Amino acid sequence: KKVADRYLKREVLGEGTYGVVYKAIDTKTGQTVAIKKIRLGKQKEGVNFTALREIKLLKELKDPNIIELIDAFPHKGNLHLVFEFMETDLETVIRNTNIFLSPADIKSYMQMTLKGLAFCHKKWVLHRDMKPNNLLIGSNGQLKLADFGLARIFGSPDRKAPELLFGAKQYGAGVDIWAAGCIFAELLNRRPFLQGTSDMDQLGKIFAALGTATPSQWPDLAYLPDYVEYQYVAAPPFRSLFPTASDDALDLLLKMLTYDPKARITAQQALEHRYFSSAPLPTVPDKLPRPA
Ligand code: ADP
């Protein structure tokens with residue numbers, strides 16, 4: 001039985017934030033796809049129209065480092081989003097202790113991540129939920145960002161960047177860069193960086209690692225809604241947190257984890273950082289290590 005007269009349903013791939021994801025065959029193209037079924041629940045009709053309009057914009061976001069949204073349609077009270085099918089994701093790669101990630105491999109993953117971000121930021125679209133399991137990896141090693149823009153449409157954005165933890169209502173592309181910096185750190189150390197159990201705990205972990213944020217380095221800080229003054233904690237040497245990282249990697253990472261979002265490096269600037277042009281050069285995607 002075909003869904004929407006086009007997709008042949010296969011097995012369930014998993015359950016995500018918004019609903020079930022299943023594998024399917026697109027009979028129009030023969031391509032394997034992943035269909036994300038989003039429960040719309042008892043929302044007002046208008047909300048669904050808004051969602052569909054925004055989804056339409058996401059369909060226009062086409063780039064080699066962004067998962068293509070092939071189709072979107074409502075069916076039996078659920079919104080179905082059809083994406084290209086991907087073999088694995090970066091979280092699986094990071095957690096697989098049988099996979100050795102060389103400095104060149106890490107550079108390759110970061111370059112593909114930042115290319116995807118730079119493309120979307122240029123079109124004023126934020127991801128807002130950057131995490132290793134949203135960075136999908138295809139059979140050819142290509143990394144592509146998944147779930148672009150969905151956090152804004154369906155809720156549950158990530159609260160990792162300091163400006164979000166201080167309650168900023170207006171924020172920008174910097175939130176994705178901060179999150180990408182945390183992914184960079186996770187690739188280097190092979191374990192989650194600054195993972196808090198609550199917003200307060202999260203902030204404490206950030207301050208312990210990077211030193212307390214102060215109005216002198218971040219002038220807008222004191223005007224954020226949830227700002228409270230913190231006891232000053234000095235940062236340990238940044239290098240001590242990443243014993244295996246090169247000086248270039250460390251320099252870029254520090255620029256991505258800059259407190260003041262206005263001073264934080266942009267995706268385009270990050271791609272132009274010498275880290276990407278100095279040796280070792282990024283591994284070509286089809287030479288990246290893969291799970292056995
Ligand atoms: P979450 O909301 O937790 O990020 P998702 O809804 O994105 O989870 O995904 C749920 C499951 O479906 C995961 O196991 C993920 O690996 C799988 N999945 C999501 N998108 C794709 C895709 N394009 N290709 C293959 N598997 C996918």
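A crossing of two helices is left-handed if the near helix is turned anticlockwise from the far one by less than a right angle, and right-handed if clockwise.

1. Basis of the note. The model is predicted: local features need pLDDT of at least 70, side-chain atom pairs count only at pLDDT 80 or more, and totals for chains, interfaces and linings use all residues. Residue numbers start from 1 along each chain as its sequence is written.

2. Overall form. Eleven helices and nine strands make up the secondary structure of the chain; helices (H or I, at least four residues) and strands (E, at least two) are DSSP runs, numbered from the N terminus. The C-alpha atoms fill a box of roughly 60 × 45 × 30 Å along the principal axes.

3. Helices 3 and 6. The axes of helix 3 (residues 103–122) and helix 6 (residues 174–189) come within 10 Å and cross at roughly 170°. Axes are lines fitted to C-alpha atoms, for helices over the stretch in contact, and angles run from 0 to 180 degrees between N-to-C directions. Helix 3 is therefore roughly antiparallel to helix 6 (an angle over 145 degrees). The crossing is right-handed.

4. Helices 6 and 9. Helix 6 also passes helix 9 (residues 247–256), with axes within 8 Å and a crossing angle of roughly 145°. This crossing is left-handed. From helix 6, residues including Trp178 and Phe184 meet Ala249, Leu253 and Met256 in helix 9. The contact has nine nonpolar residues, one polar and no charged ones.

5. Backbone details. Most residues other than glycine have a negative phi, and most peptide bonds are trans. Aspartate 5 has a positive phi, near 60°, and is placed in the loop between strand 1 (2–3) and strand 2. A cis peptide bond, with omega about 0°, joins alanine 279 and proline 280; proline 280 lies in the segment after helix 11 (274–277).

Conventions
Parallel < 35°, antiparallel > 145°, perpendicular 65-115°, else oblique. Contact = placed C-beta atoms within 7 Å. Nonpolar A, V, L, I, M, F, W, Y, C, P; charged D, E, K, R; others polar.
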